[in-house]
Structure formats: structure tokens, C-alpha cells
Amino acid sequence: ATTANSYGFSPLYESDDPVIARRTRRVGCTSPEITYKGNWTDSTGDGYYENRARSASDKGAELSFPFHGREIYWRTVFGPDQGKADVYLDGKLASTVDCWATKFNPLPIAFMRRDRADRDHVIRVVVRGDKKPLSSGTTIRQRDFEYAADSWRASDGFTSFAGKNGWTNQER
């Protein structure tokens, strides 16, 4: 099982923490880039990205998201009625995530991988329909995906000293 870490919404680009300092693109649960299979329902609430989430509890319900990059972060909701989900990367089981928690928490990163090749990938989340005994349900709530979205524009990450972000000084 994966342990969730709670990080804020806004990356701090100058942080030494590689998770907080990442440049990301966030894709909310209602994006047409995400494909859903099975019975998913919409809900609204504080703490959800764009105040929206999609939920499923039936075994085999799944969602998939294609992305291009080296990193992927899946934010879901943890809470007393949450169950387990299998996370696949590029068709291979990467982790089983248990989303149960004693209190409702819409912020954690439930799954992250930062060791991918810089190419096209697909992440797929499949509802297992099972739970730990303390949970009151098997629900999985999709909140959003985040993935590395580095840019090569000169205005991004500009610095006044050589070496930062690969920049060098030139003469003449």
C-alpha cells in the first residue's frame, strides 16, 4: 500500500523539496482527457480541485489518463468510507492504494512516480471493490492528476546567476 503525503496546491519553484518544487499541469476530474468506465458519479465539495470529484465503488470501475512526461501524481480523497484501488502505469500494476482514513482528507497525493522516461504514458486506476475492515465503504473519489510540465521558454525559471535551470552566461 502507498502512504499518502499531503502537499498544497501551488508548487513553490525555488523549494529544495522535489515534489513541492516541480512544475506541473493539473488535470481535474471533469477533463475530457480522462476516460471513465463503469458507474462514476459527480459530486461537489470544499477541498476538491475545482470543487468537483467523481466517485465509484463498484469493482472494476476504472479511469485512465494519458500524459507525456517523467512524473505523475494522483490526488484522490481519503476518508472513512474509502476503499482500495489498483494503479497501473503503462499497463503494469504499479501499486495498490488504500484510501481509508479516519477523517475526510481531499488533499493527499495517493500515488506518485517520478522515474518515468520523458515520453507518452498512461496511468489507469481500477476500483477493487474491497476495503479494510474499518472502512464503511469501497468508494474511490477521483480528484485530479498532476504531471511534470517543464517548459523551455526563457521566461520560465529565469535566474540572474549562471547554472540555475541549465542557463549559462554568454559574452558578445
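How many disulfides does a search of the whole structure find? The search finds 0, where a disulfide is a pair of cysteine sulfur atoms within 2.5 Å. Buried here means under 20% relative accessible area, exposed means over 50%, and partly exposed lies in between, with a 1.4 Å probe and protein chains only.

A word on the model: it is predicted, so local features need pLDDT of at least 70 and side-chain atom pairs count only at pLDDT 80 or more, while totals for chains, interfaces and linings use all residues. Residues are numbered from 1 along each chain as its sequence is written, and side-chain values use heavy atoms, leaving out hydrogens and water.

**Overall build**

The protein has 12 strands and 0 helices; these are DSSP runs numbered from the N terminus, with at least two residues (E) for a strand and at least four (H or I) for a helix. Of its 172 residues, 42% are buried. Contact means heavy atoms within 4.5 Å. Among contacts between residues at least 6 apart in sequence, 71% join residues at least 24 apart.

**Around β5**

Strand β5 (residues 52-56) is mostly covered, with 4 of its 5 residues buried.

| Pair | Sense | Bridges | Facing residues |
|---|---|---|---|
| β5 and β12 | antiparallel | 3 bridges | R54 and Q142 |

**The core and β12**

A nonpolar core is a set of buried Ala, Val, Leu, Ile, Met, Phe, Trp, Tyr and Cys residues joined through side-chain atoms within 4.5 Å. The largest one has 27 residues, and F65, I72, W74, V97, F111, I123 and F145 touch the most other members. Strands β6 (62-69), β7 (72-76), β8 (84-89), β10 (108-113), β11 (119-127) and β12 (140-148) each supply at least two residues of this core. Beyond four places in sequence, F145 touches residues including I34, L63, F65, I72, W74, I123 and V125.

D144 is found in strand β12 and is buried, with a relative accessible area of 0%. Its side chain makes a polar contact with that of R143 at 2.6 Å. Such a contact is a pair of N or O atoms within 3.5 Å; within protein, one must be able to donate a hydrogen and the other to accept it, and residues adjacent in sequence count only if both atoms are side-chain atoms. Leaving aside neighbours within four places in sequence, D144 is in contact with R26, V27, G28, Y49, Y73, W74 and R75.

Methods: Two strands pair if DSSP finds at least two bridges between them.
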